[in-house]
Amino acid sequence: MKTVLILGGTTEARQLAARLAARGDLDITLSLAGRTENPVAQPVPVRTGGFGGAQGLADWLAGHKTDLLIDATHPYAARISANAAEASRIAGVPILALRRPGWEPVDGDRWTLVDDAEAAVDALGEEPRRVFLALGRQEVAAFERAHQHGYVIRSVDPIEPPLGVPDATYILARGPFREADERALLEAQKIDVIVAKNSGGQATYGKIAAARQLGIEVILFRRPQLPEVLSAPDVTAMAEMVDHFVAPAEKRGV
Ligand SMILES: NC(=O)c1ccc[n+]([C@@H]2O[C@H](COP(=O)([O-])OP(=O)(O)OC[C@H]3O[C@@H](n4cnc5c(N)ncnc54)[C@H](OP(=O)(O)O)[C@@H]3O)[C@@H](O)[C@H]2O)c1
């Protein structure tokens, strides 16, 4: 049996783990950072918590005689992706990455691109607005300095401590989110502007499509730079890549 470590924390990582487990010829471990308080159930054994940088991950790969490393982390989890590429080099373990493509603007989109939360706060401007923050709790704190705005904040885990602003509403929810529901939320909350990451995929695109319908501005974080490794855009393409990787040499024509 070949041993595979999947770096996860995304829906695709979970789906990929299930798909590869169904083959029956791989010994798979899924790794989570441990940030989410109630992570969803996973179809394969899970290990949780940081490795201690690239060297720590390289040591783990060697210690567990890993044959293949798959980086299926979130597109904005840039540090672990850089560590994964480096650990692959140190340990001499091949790496594949599942890189979900970002969304592209279409006619009617009103996007403002920014590099980080500080820039997003600046982009909101001075005039009070109704702002929908669809961000993780790490990024939300930056908005405290712009307390003239009213915020609706949706996150998987509670924002603790709450944002020190006079007007904030919290919604705890985990995607996928349907476009019709997103539109209803934007209208009910009288939202003027959304701040979000360009996550790509369908699960969180509903708010982008709904914003387009309603003519609402979207402040989008630019994608971070990720290391260049052999990659696939979705679970099916990645499963095929793994197929090729674990196939006997004669089947690959070697
Ligand atoms: N950033 C986002 O917007 C976002 C959104 C949804 C889900 N996630 C998921 O949440 C996790 C953390 O994201 P992040 O933005 O904090 O990442 P990050 O900034 O790239 O990583 C920070 C540190 O967290 C540890 N880590 C991250 N992912 C890990 C994993 N899958 N397994 C073990 N350790 C991991 C590593 O610690 P050591 O250096 O000690 O190994 C890494 O150096 C990732 O698994 C990611 O897929 C992130």
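Around the ligand stand 23 residues, and G8, S31, F51, H74 and K197 come nearest. The model examined here is predicted. By class, the shell around the ligand divides into seven nonpolar, 12 polar and four charged residues. Two elements, strand 2 (26–32) and helix 3 (78–91), each supply at least two residues of this shell. Helix 3 gives the most, with four residues.

For R79, a polar backbone atom is 2.9 Å from an oxygen atom of the ligand. N83 takes part through its side chain: a polar atom there lies 3.3 Å from a ligand oxygen atom. Taken alone, the ligand exposes 800 Å², and the protein buries 80% of that area.

Empty space was examined next. Rolling a probe the size of a water molecule over the atoms shows where such space is left. The structure holds one cavity of 30 Å³ or more. The volume of the largest cavity is about 50 Å³. Its lining is made of T10, E12, A72, T73, P75, L98 and R100. Three of these lining residues are nonpolar, two are polar and two are charged.

Pockets, unlike cavities, are open. The second largest pocket holds about 210 Å³ of space. A total of 15 residues line this pocket. Among them, R99, P224, L226, P227 and S231 lie nearest the pocket centre. The lining of the second largest pocket divides into six nonpolar, five polar and four charged residues.

Charged side chains also pair with one another. The structure holds 17 salt bridges. One of them joins E37 and R137, with the closest N and O atoms 3.6 Å apart. This pair links distant parts of the chain, for the two residues are 100 residues apart. E37 sits in the loop between strand 2 and strand 3 (46–48). R137 belongs to helix 5, which covers residues 137–140.

A cis peptide bond joins E160 and P161, with omega at about -5°. P161 lies in the loop between strand 8 (150–155) and strand 9 (168–172). Another cis peptide bond runs from G175 to P176, where omega is near 5°. P176 has its place in the loop between strand 9 and helix 6 (179–188).

One further backbone feature concerns K65. This residue is not a glycine, yet K65 has a positive phi of about 45°. K65 is found in the loop between helix 2 (53–63) and strand 4 (68–71).

Key
Residues numbered from 1 in each chain as written. Predicted model: local features only at pLDDT ≥ 70, side-chain atom pairs only at ≥ 80, totals over all residues. Heavy atoms only, no water. 1 Å grid on protein atoms, 1.4 Å probe; cavity = no way out; pocket = protein on both sides within 12 Å on 5 of 7 lines; lining within 4 Å. Points joined across faces, edges and corners; volume = space filled by probe spheres on them. Nonpolar A, V, L, I, M, F, W, Y, C, P; charged D, E, K, R; others polar. Near = heavy atom within 4 Å. Polar contact = N/O pair within 3.5 Å; in protein donor to acceptor, adjacent residues only side chain to side chain. Areas by Shrake-Rupley, 256 points an atom, 1.4 Å probe, with all protein chains shown as cover. Salt bridge = Lys/Arg side-chain N within 4 Å of Asp/Glu carboxyl O.
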